[in-house]
Amino acid sequence: MLDKLLNKRSDQRAEYAGILTLLTDFGDRDVYVGVMKGVITQINAKLTVVDLTHQIPPQNIAAARFCLMNAYPYFPVGTVHVAVVDPGVGGVRRAIAVEFAQGFLIGPDNGIFSGVLSQSPAIAAVELTNPQYWRTSQLSTTFHGRDIFAPVGAHLASGVPFEQLGQTIDPATLVQLNIPECIQTETGMTGCIQYIDHYGNLITNIPGIYVQGKTWCIQAPGLTIPGRETYSDVKAGDAIALIGSHGWIEIAINSGNAETQLQIKLETPVQVFLNNS
């Protein structure tokens, strides 16, 4: 049975090998992203490399968690996702690879993958202790994206067996990011702001499925906003609550910036109330 499982995993990996995504907080001003791509190309120039984003706010692991969680379903099974937002680089945090149903995750063990794994649990995990798949055994203390994560991702996407990357670890020991959970109540849901996007839209951790087809409103400190279907349901400059394309309830300003106009920050508590009459 174990042999059949391993063969199935190998067949799946071989069928979909060749796609690697990158997500970082490196920005586009410096050469860091280009250097990672250079390392990947040295290993296998035929890989398809997709930039998810390199504009994660510096050291913002929660933002990286959200973005990766909302991106991975759009890629083929077997895709390798390399995510590097790593304020603990060079310290005691582990460098890891995780196998899950949709593919593989490579990066620091700091909670960056906890969003993905809350939706699709880990099948296996390894600490990246095998220097054969690093760029060099003389590691930089500040750039593991170049020296470990990019080369390991390239090797894995090229067909290197997952188990060869390092020491097996218990997936239950992976770091979880402490994002407050949404909780169902007698009148609706309570949650918080989990992400703020480029437009200043305030994205909650309350799934939109809870309000679909219902009459509802959302409360945040100092305001109550009725739920609507589209931005055009309110005038320019007015606040609106709706289900975003990512599937979460969000607060926005039509043609404006909700973060600056409403002065609401990450992890601000919110409540959704359903009208059951």
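The entries below go from the whole chain to single residues.

**Entry 1: the chain as a whole**

I noted at the start that this is a predicted model. I counted secondary structure and got 6 helices and 15 strands in the protein chain. I then checked the overall dimensions. The C-alpha trace spans about 60 × 50 × 35 Å along its principal axes. Buried residues account for 49% of the 277 residues. The accessible surface is about 13,600 Å², and carbon and sulfur atoms hold 51% of that. I also looked at contact order: among contacts between residues at least 6 apart in sequence, 68% join residues at least 24 apart.

In what order do the 7 strands of the open sheet lie? I read the order as 2-1-3-5-4-6-7, with mixed pairing. Strand 2 (48–53) and strand 7 (167–169) stand at the edges with a single partner strand each, so one side of each has no neighbour in the sheet. The twist averages 25 degrees from one strand to the next.

I followed one pairing in detail. Strand 1 (residues 19–24) and strand 3 (residues 79–84) run parallel and share 5 bridges. Leu23 has Ala83 as its bridge partner in strand 3. I then looked at what covers this part of the sheet. Helix 3 (residues 61–71) lies across strand 1, strand 2, strand 3 and strand 5 (103–108), and runs at about 155 degrees to strand 1.

**Entry 2: the cores**

I listed the largest nonpolar core and found 31 residues, of which Val82, Ile106, Leu128 and Leu165 touch the most other members. At least two residues each come from strand 1, helix 2 (32–43), strand 3, strand 4 (95–100), strand 5, strand 6 (122–127) and helix 5 (144–157). Helix 5 gives the most to this core, with 7 residues. Apart from that core lies another, of 26 residues, among them Leu23, Cys67, Phe100 and Trp248. In soluble globular proteins, nonpolar side chains tend to be buried together.

Leaving out residues up to four places away in sequence, Leu165 touches Ala97, Val126, Glu127, Leu128, Thr129, Asn130, Tyr133, Val152, Leu156 and Val160.

Is Ile218 buried or exposed? Ile218 has a relative accessible area of 1%, so I put it down as buried. Ile218 sits in strand 11 (residues 215–220), opposite Ile225 in strand 12. Its contacts, without residues up to four places away in sequence, include Thr204, Leu223, Ile225, Ala241, Ile249, Ile251 and Val270.

Strand 11 and strand 12 run antiparallel and are joined by 4 bridges. They form a hairpin with 2 residues between them, and Gly222 in the turn has a positive phi of about 85 degrees.

Strand 13 (residues 239–243) and strand 14 (residues 248–253) pair in the antiparallel sense over 5 bridges. Here 4 residues lie between the strands, and Gly247 in the turn has a positive phi of about 95 degrees. Ala239 has Ile253 as its bridge partner in strand 14. I also took the C-alpha separation of Ile218 and Ile253, which are 35 residues apart along the chain, and got 14 Å.

Most residues other than glycine have a negative phi. I noted two exceptions, Gln59 and Gln263. Gln59 has a phi of about 65 degrees and is found in the loop between strand 2 and helix 3. With a relative accessible area of 51%, Gln59 is exposed, the cut-off being over 50%. Gln263 has a phi of about 55 degrees, in the loop between helix 6 (258–262) and strand 15 (269–275). At 57% relative accessibility, Gln263 also counts as exposed.

Conventions. Residues are numbered from 1 along each chain as its sequence is written. This is a predicted model: local features need pLDDT of at least 70, side-chain atom pairs count only at pLDDT 80 or more; totals for chains, interfaces and linings use all residues. Side-chain values use heavy atoms; hydrogens and water are left out. Two strands pair if DSSP finds at least two bridges between them. Axes are lines fitted to C-alpha atoms, for helices over the stretch in contact, and angles run from 0 to 180 degrees between N-to-C directions. Contact means heavy atoms within 4.5 Å. A nonpolar core is a set of buried Ala, Val, Leu, Ile, Met, Phe, Trp, Tyr and Cys residues joined through side-chain atoms within 4.5 Å. Buried means under 20% relative accessible area, exposed over 50%, partly exposed in between (1.4 Å probe, protein chains only). Accessible areas come from the Shrake-Rupley method with a 1.4 Å probe; for residues, only the protein chains shown count as cover.
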